Amino acid sequence: MKMQIGGKAVEACGCEFSDIINPATGEFIDRVPRGTEEDAAMAVEAAWSAFSDWASTSPQQRAGILYRAAGIVRERKDELAVLLTREQGKPLTEAKNEIEGFANVLEYYCGLASSFHGDFIPIHQSGYAFTVKKPLGVCSAIIPWNMPALIMAWKISPALISGNTLVLKPASSTPLTNLTLSSILSEAGLPAGVLNIVTGPGEVVGESLVKNRKVKRISFTGETGTGKRVAELAASGMKRVTLELGGSDPMLVCDDANLEAAVAGALRGRFYNCGQICTAVKRLFVFESVAEEFIKKLEAGIRNLRVGNGLHEDVDMGPLNNRRQWEYIKELVAELKEKEEGRILTGGRVPEGSDYSKGYFFEPTLVADVSEESRLLNEEVFGPVLPVVRVKDLDEAIEKANNTCYGLGASIWTKNIDRARIGCERLNAGIIWLNQHLKVAPEVPFGGTRESGIGKENGPDALSEYLDLKTVMLKT
């Protein structure tokens, strides 16, 4: 598999490659070039050369190309889902949902193709003014490995439909689906150079893209420390930035909640994609009066989750995506046991047996009586470990939920409208769910506050991030 620059598959300037490994089996899938600074610069030049022609096409023409691409993606959904599962690890059902999500996002922005226009502003006694919205130019996007197809769509759709060109750097462990999706866009008629993909390490390719003077906008999704580095580099060039960073989402379960629905929400919210989602439920706060019943039901649900190779039928949870994440989760749980900072109710181990011996598997884990000093409550835990904390009331739940540097998502489970209103007002989060968790539609602005990021993905808000507003003053 080669990088895609200027509409062509090209070899990297360097001679090094990265192997892509199936995280469930350890098998070799493919290899991609380890891109260099020269490769990143070449991709930016290709995007720069393509910008003028692409910006001059009508929004309807752009929408037609993206819509055709979405149709091809739907036709090839099964094939793409297998590829995504092989490189990422998630169960095939989840992979199919993500590929559908890619097509959904493309189609949503096709529907907005005629919506970005300026305004007419009468100015009494001195004429009038009007505003014009224009594409920025060359943009770049850096995406993670947890939802590579969906997040690719979040980045490229508003950028391309508004007339920009883009250079995408995929995650080093999951570039294959991104490269294939890019080929489909070319097949659908996307002109050469409009979308370019450079594989390689973030400290080389990513930094080169951020620092390149011809790149006008950076959209980054990943962990907070790297996001701060991106912001620092982008500031020197006054580049626009969207940073969708880490999260430690709380889930608040009140004593009047539908416990069956809340248990199902916690199971999906924590263990979907092996817990490797920015907005996954990472801290669970339950009212004391229902805690015993809730925890008992949740523990039973976790014990019933089937762990295995995502390509196998009836698997609920696949492996962690890479060794680094696997080692982190093992270390976290080992430290929890050593310091006696919580009581493991179920899970807490690497599963045994030949089916698990070559993959990055870890049992879905529930921890009670968690110490406030535990890393489980103070770090973004990207994996299948869920701490549950008992609280006496909503005030205590909100106080503990807000005791974090993050502010991405949160959910409240209650039948009481006043409790829901109070939670929505007082919780520090960019998105709050009521009696649900995790789902984000293309129409919904998505992004965090605090150290969870800057700017919004999705919806018309994301589209405006890729447009420059120019004001024209006329005197009559």
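This is a predicted model: local features need pLDDT of at least 70, side-chain atom pairs count only at pLDDT 80 or more; totals for chains, interfaces and linings use all residues.

A residue counts as buried when its relative accessible area is under 20%, as exposed when it is over 50%, and as partly exposed in between. Phe382 has a relative accessible area of 11%, and therefore it is buried.

**Aromatic pairs**

- A pair of aromatic rings is described by the distance of the centres and the angle of the planes.
- The model contains 6 aromatic pairs.
- Another pair is formed by Trp145 and Phe382, with 5.7 Å between the centres and 80° between the planes, which makes it edge-to-face.
- The partners Trp145 and Phe382 are 237 residues apart, so the pair links distant parts of the chain: Trp145 belongs to the loop between strand S7 (138-142) and helix H5 (148-161), and Phe382 to the loop between helix H12 (375-378) and strand S16 (385-391).
- Trp145 has 16% relative accessibility and, like Phe382, is buried.

**Charges over rings**

- Arg268 lies over the face of Tyr272, at 4.7 Å from the ring centre.
- Lys330 is placed over the face of Trp326, at 3.6 Å from the ring centre.

**Helix H5**

- Gly163 follows H5 and has a positive phi, near 100°.

**The largest pocket**

- The largest pocket holds about 1,300 Å³ of space.
- Its lining consists of 45 residues, and those nearest the centre are Trp145, Glu223, Thr226, Arg324 and Gln325.
- Two or more lining residues come from each of strand S3 (17-21), helix H7 (202-211), strand S10 (215-221), helix H8 (224-235) and helix H11 (323-339).
- By class, the lining of the largest pocket has 18 nonpolar, 16 polar and 11 charged residues.

**The second largest pocket**

- The second largest pocket has about 540 Å³ of space.
- It is lined by 24 residues, with Met147, Leu150, Leu438, Lys439 and Val440 closest to its centre.
- Helix H4 (92-111) and H5 are the elements that give two or more residues to this lining, and H4 supplies the largest share, 7 residues.
- The lining of the second largest pocket divides into 13 nonpolar, 5 polar and 6 charged residues.

**Cavities**

- There are 3 cavities of 30 Å³ or more in the structure.
- The largest cavity has a volume of about 70 Å³.
- Of the 16 residues lining the largest cavity, Pro250, Tyr406, Gly407, Gly409 and Asn428 are the closest to its centre.
- Strand S12 (249-253) and strand S17 (409-413) each contribute at least two residues to the lining of the largest cavity.
- This lining comprises 7 nonpolar, 6 polar and 3 charged residues.

Technical notes
Residues are numbered from 1 along each chain as its sequence is written. Side-chain values use heavy atoms; hydrogens and water are left out. Rings of Phe, Tyr and Trp (its six-membered ring) pair if their centres lie within 6.5 Å; planes under 30 degrees apart count as stacked, over 60 as edge-to-face and the rest as tilted. Helices (H or I, at least four residues) and strands (E, at least two) are DSSP runs, numbered from the N terminus. Buried means under 20% relative accessible area, exposed over 50%, partly exposed in between (1.4 Å probe, protein chains only). A charge sits over a ring if NZ of Lys or CZ of Arg is within 6 Å of the ring centre and within 35 degrees of the ring normal. On a 1 Å grid over the protein atoms alone, a cavity is a set of points where a 1.4 Å probe fits but cannot get out, and a pocket is an open set with protein on both sides within 12 Å along at least five of seven lines; lining residues have an atom within 4 Å of a point. Grid points are joined across faces, edges and corners, and a volume is the space filled by probe spheres set on the points. Ala, Val, Leu, Ile, Met, Phe, Trp, Tyr, Cys and Pro count as nonpolar, Asp, Glu, Lys and Arg as charged, and the others, Gly among them, as polar.
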